[in-house]
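Dear colleague,

Please find below the structure for your review.

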Amino acid sequence: MNEKIKLLIDKIKNAKSIAISGHKNPDGDSLCSALALMKIIELNFNKTATVIYDGNIPKELDRVPLRDQACFHMHLPEDAKYDLYILVDYGTRMHLGGAERFVNDADFVIEFDHHFNEEVVGDLCFDDTDKAAATQVIYDVAKTAKFDIDQDVIDLITLGIITDTGNFKFVRSGMVLRDAAELVDKGADMLHLVNLLNNKSRKTVLVESETVAKAEFFMHGRLAIAAIRQPDYKRLDGRGELVLGLLGQIHGVEFVVLLKEQKENQIGVSIRSRHTPINQIAESLGGGGHMCAAGAVVYDSFETVKTKVINAFKGM
Ligand SMILES: [Mn+2]
């Protein structure tokens, strides 16, 4: 067995207290990675790890296995300390949110991630940017280490893959499909898992559809811009993927932008493109991301940000 896995096993075996976190405002992969690892530790080491999160877990994820085991960081005792801290799907240090104080206090930090990060936080890193989801990284390590897994772990790992690939739409390598095939053979029920995620509140779907209905079109219909203003933002409960997805289905639309007025003078900008790279536009607004899916948070008035976005697309 390789040295890294030996060290992983040794650290878990000898830890008195273990906590696990993903990035702030967990998405499916972040939450399911943490819960899958918690269950793996329980099954193989007979230890309880605490899953800690910051921000809001969307209702969409309320029915994933073991969801009720995730603790909001503010609900933990003031003096809580964990000697082993495990980070999953966290991105970079700035996305740790309320978990950062525990990470800084820990004696040893292990990470499982698939994001590109120049300044890793972990002392022991299982990172692989070729993986489509952090749960896939965990699955790989679990297989190499010959850890026992059960139905919860199989379901959680599959859910991380389903959510991070947008139901397999963003698959870039056959490896993720081979992993998914193996998980199906081990008992993952795709229809059941996708249905678990169909759990949004009515108000969220209504605000998303109202936002689509009020979208504006520019550049002869090639650019669609939708906006969620402050009073409606709380009803959104998530990132508004439905808005981006629906507008992107319209014939002739090449670029979709969703402006989210999170607070006064704080506008979240999500940008999607059919094929032309738009990450430079996100970078010009102070953000970043992938070629066809990127975003930024711009600290300015709603109208100013909207004008900046329209100008950024000039010449595209
Ligand atoms: Mn992820």
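The crossing of helices α5 and α6 is left-handed, meaning that the near helix is turned anticlockwise from the far one by less than a right angle. Contact between the two is made by Ile154, Ile157, Thr158 and Ile161 of α5 and by Val176, Asp179, Ala180 and Leu183 of α6; residues are in contact if their C-beta atoms, placed from the backbone, lie within 7 Å. By class, this contact has 6 nonpolar, 1 polar and 1 charged residues (Ala, Val, Leu, Ile, Met, Phe, Trp, Tyr, Cys and Pro count as nonpolar, Asp, Glu, Lys and Arg as charged, and the others, Gly among them, as polar).

The model is predicted: local features need pLDDT of at least 70, side-chain atom pairs count only at pLDDT 80 or more, and totals for chains, interfaces and linings use all residues. Residues are numbered from 1 along each chain as its sequence is written.

The axes of α5 (residues 151-164) and α6 (residues 174-185) come within 10 Å and cross at roughly 150°. Axes are lines fitted to C-alpha atoms, for helices over the stretch in contact, with angles from 0 to 180 degrees between N-to-C directions. Helices are DSSP runs (H or I, at least four residues), as are strands (E, at least two), numbered from the N terminus. α5 and α6 are therefore roughly antiparallel to each other (angle over 145 degrees).

For α2 and α5, the axes come within 8 Å and cross at roughly 160°, which makes α2 roughly antiparallel to α5. This crossing, too, is left-handed. The contact of α2 with α5 has 8 nonpolar, 4 polar and 4 charged residues.

In the largest nonpolar core, of 59 residues, Leu37 and Tyr85 touch the most other members. Such a core is a set of buried Ala, Val, Leu, Ile, Met, Phe, Trp, Tyr and Cys residues joined through C-beta atoms within 7 Å; buried denotes 20 or more other C-beta atoms within 10 Å, exposed 12 or fewer, and partly exposed in between, with C-beta atoms placed from the backbone. Helix α2 (residues 28-45) supplies the largest share of this core, 9 residues. Another core, of 24 residues, lies apart from it and includes Leu258 and Val305.

Finally, Asp89 has a positive phi of about 50° although it is not a glycine. Asp89 lies in the loop between β4 (84-88) and α3 (100-105) and counts as buried, with 29 C-beta neighbours inside 10 Å.

Yours sincerely

Methods: Parallel < 35°, antiparallel > 145°, perpendicular 65-115°, else oblique.
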